[in-house]
Amino acid sequence: MIHRHSGLVFAEHTLAVPLVHGDPDGPRIEIFAREVREADPAAEGRPFLLFLQGGPGHRAPRELPVWLRRAARDYRVVLLDQRGTGRSTPLTRQTLAGIGDPAAHLARFRADAIVADAELLRRHLTGDRPWSVLGQSFGGFCAVTYLSFAPEGLREVVITGGLPGLTATADDVYRAAYPRVLAQNERYFARYPEDEAIARRVVDALREQDARLPGGDRLTPHRFQALGIGLGSAARFDQLHHLLEEAFAGPELSEVFLRRVDAVVSFAEDPLYAVLHEAIYGQGAATGWAAQRVRAEFGAFDLDRGGPVRFTGEMIYPWHFTEDPALAPLADAADRIAGKADWPALYDPARLAANEVPVAAAIYHDDMYVDRDMSLATAAAIGNLRPWVTNEYAHDGLGREERVLDRLLTMVRE
């Protein structure tokens with residue numbers, strides 16, 4: 001299927017791939033990708049650029065972000081719905097209902113499988129010519145996995161806010177993350193000091209009222225606390241304030257507030273994000289609900305201590321799977337995934353050290369989601385990588401200004 005609008009041509013591609021890449025004769029799933037190129041006929045001869053979306057568990061963008069316009073000037077851009085998302089045999093409570101062992105099935109949807117899918121798609125589209133890759137956030141993690149296990153498929157790699165700790169455990173990740181989230185809280189409340197009192201009032205109201213979200217599920221204090229997930233994004237940093245300023249209708253929480261909160265805290269659109277969020281750090285050991293365990297080391301997040309409310313960030317807890325109706329049917333599978341200890345390695349340090357594929361990576365100095373120090377260590381461990389450390393942008397810098405991708409493309413080509 002081909003569509004044309006906004007000066008661009010959109011071509012749709014689907015491809016059947018093995019669920020388990022080590023078993024090519026076993027069950028198959030479908031992956032979907034949308035190719036975007038300029039309407040100029042000359043664009044048909046341009047090289048391919050695969051975009052790997054952040055996540056895990058998020059589909060490729062459907063809008064036209066600023067970086068896409070810039071990329072389309074040089075490439076035919078391939079927007080891949082990573083397996084289990086969007087139109088790529090999506091995984092939800094509905095589609096998983098007929099699967100006998102959901103945990104074993106879900107374990108097949110990490111970065112190593114995404115890269116193997118991408119390799120099959122590359123051969124399908126290019127006739128086995130190498131292509132370029134742009135990885136944002138978790139997409140950058142996937143790009144490092146790509147460099148580890150299939151560098152022959154890569155012409156060049158650009159990464160934004162997505163250099164993982166090569167040997168970091170989930171505990172390491174969250175022990176580094178909680179202080180960064182607290183720092184963003186302090187920045188937020190310095191901008192909106194009046195919101196401290198409102199946040200405490202909301203928590204108190206939620207303890208006294210049976211506040212229901214539009215789907216009928218209850219808004220609890222710790223679900224409210226999870227609204228801090230957007231504090232690391234320039235585009236969403238102020239969203240929390242605009243929620244809080246309309247929180248009450250008299251003594252009760254307002255309907256407007258509850259509807260807007262639901263759009264943030266519900267995982268109905270991306271359950272895979274919640275189920276696999278800690279599993280993306282699993283290499284040879286169980287993650288064991290690391291965010292929950294490590295949180296106990298940071299008393300500032302304890303809502304029962306009577307201090308000011310501090311919002312959590314990109315953390316997934318066991319209670320998500322009892323309180324969110326979209327996740328409740330996946331509770332057992334999520335618990336089994338948290339206890340899975342035999343995760344294969346996602347990165348090959350020796351191969352990365354010997355890497356010859358040109359790589360440029362933006363490291364955001366104050367990134368709330370991906371640790372700067374781990375990213376710097378990984379940048380030093382990957383051969384032929386040029387880092388750009390900047391405090392000009394938050395984690396979503398790629399989508400803010402065309403200059404971000406433009407600079408990185410210049411770097412990787414040099």
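Two residues are in contact when they have heavy atoms within 4.5 Å of each other. Keep that cut-off in mind for this tour of a predicted model.

**Stop 1: the two domains.** Colour residues 2–166 and 347–411 as domain 1, then 170–339 as domain 2. Their centres, taken over C-alpha atoms, are 27 Å apart.

**Stop 2: the interface.** Select the contacts between the domains. Now show Arg 93, Met 368 and Tyr 369. These supply 27% of the area that domain 1 buries against domain 2, more than any other three residues.

**Stop 3: salt bridges.** Two salt bridges link domain 1 and domain 2. Next, select Arg 336 and Asp 101. They form a salt bridge, with the closest N and O atoms 2.9 Å apart.

**Stop 4: an annotated stretch.** Select residues 48–194. An unreviewed UniProt entry places "domain: AB hydrolase-1" here. Over residues 48–194 the chain is 42% helix and 16% strand. The end C-alpha atoms of this stretch are 49 Å apart.

**Stop 5: helix H6.** Move on to residues 195–208. Show the side chains. Buried residues in H6 include Asp 195, Arg 200, Val 203 and Leu 206. What do the buried residues of H6 pack against? Their partners include helix H5 (170–191), helix H7 (221–225), strand E8 (248–249) and helix H9 (255–265).

Conventions: Residues numbered from 1 in each chain as written. Predicted model: local features only at pLDDT ≥ 70, side-chain atom pairs only at ≥ 80, totals over all residues. Heavy atoms only, no water. UniProt positions renumbered as here; feature names shortened; annotations may be inferred. Helix = DSSP H or I, 4+ residues; strand = E, 2+ residues; numbered from the N terminus. Buried < 20%, exposed > 50% of the residue type's maximum accessible area, 1.4 Å probe, protein only. Domains from an automatic or database assignment. Buried area = accessible area lost by both parts, 1.4 Å probe. Salt bridge = Lys/Arg side-chain N within 4 Å of Asp/Glu carboxyl O.
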